[in-house]
2 protein chains.
Amino acid sequence: MRSFQYHNPTRIIYGEGEYKNIGKEVAGFGSKVLLVTGKSSLKRSGYFDQVVSSLREAGCRVSVLEGVEPNPRLELCLKGAELCRRERIEVIAAVGGGSVLDTAKTIAVAALDTGDIWDFFLCKRKITGALPLVTMVTMAATGSEFNTNAVINNEQTGQKYAIHSEHIFPKVSILDPLLSLSLPADQTAYGAVDILSHIIEGYQTAPGKAPLSDRIAEAAMKETMLWARRALDAPQSKEARGNLLWCSSVALGGWTWNGWGPTTFHAHTIEHEISAATNCAHGAGLAVVLPAVMRFHSRNNAAKLAQLAQRVFGVTRYWNDTAEALALRGVNGFKRWLASIGCPVTLGELGVEETQIPEYARKIALNPEAGELDAAMAEEILRFAVG
Amino acid sequence: MRSFQYHNPTRIIYGEGEYKNIGKEVAGFGSKVLLVTGKSSLKRSGYFDQVVSSLREAGCRVSVLEGVEPNPRLELCLKGAELCRRERIEVIAAVGGGSVLDTAKTIAVAALDTGDIWDFFLCKRKITGALPLVTMVTMAATGSEFNTNAVINNEQTGQKYAIHSEHIFPKVSILDPLLSLSLPADQTAYGAVDILSHIIEGYQTAPGKAPLSDRIAEAAMKETMLWARRALDAPQSKEARGNLLWCSSVALGGWTWNGWGPTTFHAHTIEHEISAATNCAHGAGLAVVLPAVMRFHSRNNAAKLAQLAQRVFGVTRYWNDTAEALALRGVNGFKRWLASIGCPVTLGELGVEETQIPEYARKIALNPEAGELDAAMAEEILRFAVG
């Protein structure tokens, strides 16, 4: 195993009906609350009113920032930070999907900062503090409820970049399966792809041998695939929704990669450019890009992808199979599985033409997190996603 | 999945040579340090002097409490707490095995308490605070470096009981494979049994269906068995020692049981009585008692033990096998494996006579954590451990 540090202080509260306790949890960190939510689904389902009631019953004064969209925008974060300063907000409550949580995390940082917040996304400055954050996630996908990450779209520069800081670990995250029962099929599937990509990206590029982490990663992948199918077959299954929520937290909560050493997230870096330009759902973009990245790594990291194919995708090894052959059978099987749950698997389905690939590749290489992913590599990967 | 709360704020620092950084980590919590260690192995290996140097170089004033023995004693904890008050200790550094860590945890609580510390072990009072604790573990076994537990022997009352409190989560725990390279074969094996029992006890009694937790538990069991064998075959293997250390932390760090619902630890409760009386190593006692408890549960929880047998112990299912038959084949295979790594598997090997069973059973039922484990059940289980 490579050297590692593991630290994740977020308290997870899981259970049906736990949403009612959000007021009690938030009030532990302050009484002046900014509630951050999405567009309308929370109001339609009736949970918005119940969350506000719970907060008020716990003695909180609630300011509301609504209207967070998928691919969350920097402008709204700045507006939220301004609101925090004006209302002397002490704690932020985020109720929604990953976009809502990432917006709330960025607000939590921006509220205490007087400079240009985009500096943090460009890795120009280091985050030194944030308001306390309590989350309640309505969609199994980003795992933002259990980690240090936030991804934000800067609509002025056309950049979709991320921050990472221990200061934005949520203090408490409530996972309540009831809140994701009404999630539409496409978002359910896209969420599952996001979860799987969070595990596969590290797994397939890990330089270190860390067998316990491999197995925990495989555990989370197997259960994600199983419960995604079940949630699509039976959208009202609390068991399926609950298992998916927990898989999403574990997938990006730091349990799977200890000892792996430095990994790369090329599918995410590439996808962020595609969704920033096309506004496609993050999970839809990943369903197209991730198998292409896996095919790319099947050459230079065949043994690891062969292990993935055998242990997770159920590929059988014949005595004279090469690792690369196993790896490719795994990738092809995974791509068929993605199509079977209703995901796009080609760039064309996202409205990206083959002729645009070089332009995308150039932009991708400019991301400060791109690392070794230069334009040539990005182009090679994107060409795997054409057909 | 059943409702659950997960919270584990301990920072894990894993790596070869990380022991040198203990001073830096401890100094973050204060400069007046109590260093708690065992009898002599740390001095023999030369690490004691290096730890003290690291602490002093970081600007710490070091008081030392040495001589913690296996089955750690309350008396030494009281002496340590007295030392803390006299020397105005601000932070405790524990370097050793589980006994050292549990002693340090108890001192951390007792230093801030003016009442009878044994009240906490008898569940008469609730722990409300503790000094900060940094640990560096020299043996893969108890997982005390990554959890809220401490087990202490009250030599006056003959009781060996536990405390559980979030206040005794270590702030930082360093896992350095170099520190366990010289661990003798018997302690290596006993440590592995302790790790496995921490997982199996919950796994076999969990009332809730929590498939991701099952798989994470299975992952940790498989890797523990694999690396225990390797550490016995090649005691100087840093890879084997490191993997065992990480397995021991994960086994009792809260990752494996989320959603399982309330579980019982009867093997531990029974074993504590046996080691309190015979002073046998905790892991040796568990190797005798755990298979007996598994056999007991093979009746009322056959399906779960059959899953364990198939997924972890490699038992093959024939079409007309009952779950109980699979479960029992698993238990018998596990018992053979325990014997193969040099563990005792019968009460006689611990010096416990069959005629003493009723007396042990009566004492076991008095443990405040015994719950449903009454004298009759304890006796039935112990009789399974005779031959």
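## Two asparagines with positive phi

B:Asn71 sits in the loop of chain B that runs between strand E3 (61-65) and helix H4 (74-86). Helices (H or I, at least four residues) and strands (E, at least two) are DSSP runs, numbered from the N terminus. The phi of B:Asn71 is near 55°, a positive value in a residue other than glycine. B:Asn71 counts as buried because its relative accessibility is 6%. Buried means under 20% relative accessible area, exposed over 50%, and partly exposed in between (1.4 Å probe, protein chains only).

B:Asn279 also has a positive phi, near 60°. Its loop joins helix H10 (266-278) to helix H11 (282-300) of chain B. At 46% relative accessibility, B:Asn279 counts as partly exposed.

## Model and confidence

This is a predicted model: local features need pLDDT of at least 70, side-chain atom pairs count only at pLDDT 80 or more, and totals for chains, interfaces and linings use all residues. Residues are numbered from 1 along each chain as its sequence is written, chains are lettered from A and ligands numbered from 1 in the order in which they are written, and side-chain values use heavy atoms, with hydrogens and water left out.

Chain A averages a pLDDT of 96, and 100% of its residues score at least 70. pLDDT is the predictor's confidence in each residue, from 0 to 100. For the complex, the predictor gives an ipTM of 0.96 and a pTM of 0.97.

## Interface

The rule finds 6 salt bridges across the interface. A salt bridge is a side-chain nitrogen of Lys or Arg within 4 Å of a carboxyl oxygen of Asp or Glu. A:Arg11 forms a salt bridge with B:Glu166; their closest N and O atoms are 3.0 Å apart.
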